[in-house]
Amino acid sequence: MNKRAWILAAWCALGAVAARSEEPDTMPGIEWEMLDEAEQQLLESQKDNWDELPPGRQQAMAEGAERWLSMTPEERKSAQQRWLKWREMTPYQRDRLRARWKRFRDLTPDQKQRLRDVFKRYQSLSAKQREALRKRWYQMTPAERQHAIDRRQPTAPTAPRRP
């Protein structure tokens, strides 16, 4: 498999590696022979030093390869574009993105769904509308931004008042 495919498989595993990097490596390693043929082909460039990789890294790479192999061509293309964008980011930008992902993972399922819905609505806007919206957002003061966010938050239902 070509180098680009390996890089993409590694990128798919990036989330798992980042999550595991803070905890000790208590996961069992994966023997090269335990990988199926397609996974071995995808991870071929790692074969010679596979046994030297930490067990958590082996696990993450195997999971990434499995995920890559299960993707449709469109999903692979999208993953490749995300990887290229990730590589172009500065360390500061990557840290900010990791922090946003952490905040997203900490949301409730309802909050996540609301955020996805808002994003879909944003994506459905024309490029001109999105640019105008971004421009307006950046021109707001922090207080105005917070007010806009608060205004979007649904309020908890209240019991009807008795007459």
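At 44% relative accessibility, D95 counts as partly exposed, a class that lies between buried (under 20% relative accessible area) and exposed (over 50%), computed with a 1.4 Å probe on protein chains only. The model is predicted, so local features need pLDDT of at least 70 and side-chain atom pairs count only at pLDDT 80 or more, while totals for chains, interfaces and linings use all residues. Residues are numbered from 1 along each chain as its sequence is written, and side-chain values use heavy atoms, with hydrogens and water left out.

D95 is joined to R98 by a salt bridge, defined as a side-chain nitrogen of Lys or Arg within 4 Å of a carboxyl oxygen of Asp or Glu.

| Salt bridge | N to O distance |
|---|---|
| R98 and D95 | 3.0 Å |
| K102 and D106 | 3.1 Å |
| R134 and E131 | 2.9 Å |

R98 and D95 both belong to helix α5 (residues 91-105), where they are three residues apart, about one turn of the helix. Helices are DSSP runs of H or I with at least four residues, strands are runs of E with at least two, and both are numbered from the N terminus. R98 is partly exposed, at 40% relative accessibility.

R134 is partly exposed at 34% relative accessibility, and E131 is partly exposed at 43%.
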